[in-house]
Amino acid sequence: MAHFLFQAGLWKGSGTVSFSHSPERLSYTLQWRIESFQGGFRAEQSVQVEGIPPMLNLYTIFEKEEDTFEITLTNELLGT
């Protein structure tokens, strides 16, 4: 598990990705903005892949019990 998810702030990363149907490698960047609130946190993930429109994922994670949680994902592509 990525520990940065449990610390409020702005986190950035980059790399390359390939897909099974193509030998091409595409550059990508990720940006996470983490915001804590009582009982959980929000994570905004911005994904930019070379040649593909940017995508934004919004996660809300709620602690339900000491060892369980609930995740809500909001994403325009998924229609949620």
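Thr 16 counts as partly exposed because its relative accessibility is 41%, where buried means under 20% relative accessible area, exposed over 50%, and partly exposed in between (1.4 Å probe, protein chains only). The model is predicted: local features need pLDDT of at least 70, side-chain atom pairs count only at pLDDT 80 or more, and totals for chains, interfaces and linings use all residues. Residues are numbered from 1 along each chain as its sequence is written, and side-chain values use heavy atoms, with hydrogens and water left out.

Thr 16 lies in strand β1; strands (E, at least two residues) and helices (H or I, at least four) are DSSP runs, numbered from the N terminus. Leaving aside residues up to four places away in sequence, Thr 16 touches Arg 25, Leu 26, Ser 27 and Tyr 28, a contact being heavy atoms within 4.5 Å. The side chains of Thr 16 and Arg 25 are joined by a polar contact of 2.8 Å. Such a contact is a pair of N or O atoms within 3.5 Å; within protein, one must be able to donate a hydrogen and the other to accept it, and residues adjacent in sequence count only if both atoms are side-chain atoms. Glu 50 is 34 residues from Thr 16 in sequence, and their C-alpha atoms are 9.3 Å apart in space.

Strands of a sheet pair through backbone hydrogen bonds, either parallel or antiparallel. Here β1 pairs with β2 (residues 22-37) in the antiparallel sense over 11 bridges, and two strands count as paired if DSSP finds at least two bridges between them. The open sheet as a whole contains 5 strands in the order β1-β2-β3-β4-β5, with antiparallel pairing. Its edge strands, β1 (9-19) and β5 (68-74), each pair on one side only. The chain has 0 helices and 5 strands.

In soluble globular proteins, nonpolar side chains tend to be buried together. The largest nonpolar core in this model has 5 residues: Trp 32, Ile 34, Phe 41, Ala 43 and Ile 61. A nonpolar core is a set of buried Ala, Val, Leu, Ile, Met, Phe, Trp, Tyr and Cys residues joined through side-chain atoms within 4.5 Å. Strands β2 and β3 (40-49) each supply at least two residues of this core. Over the chain, buried residues make up 18% of the 80 residues.
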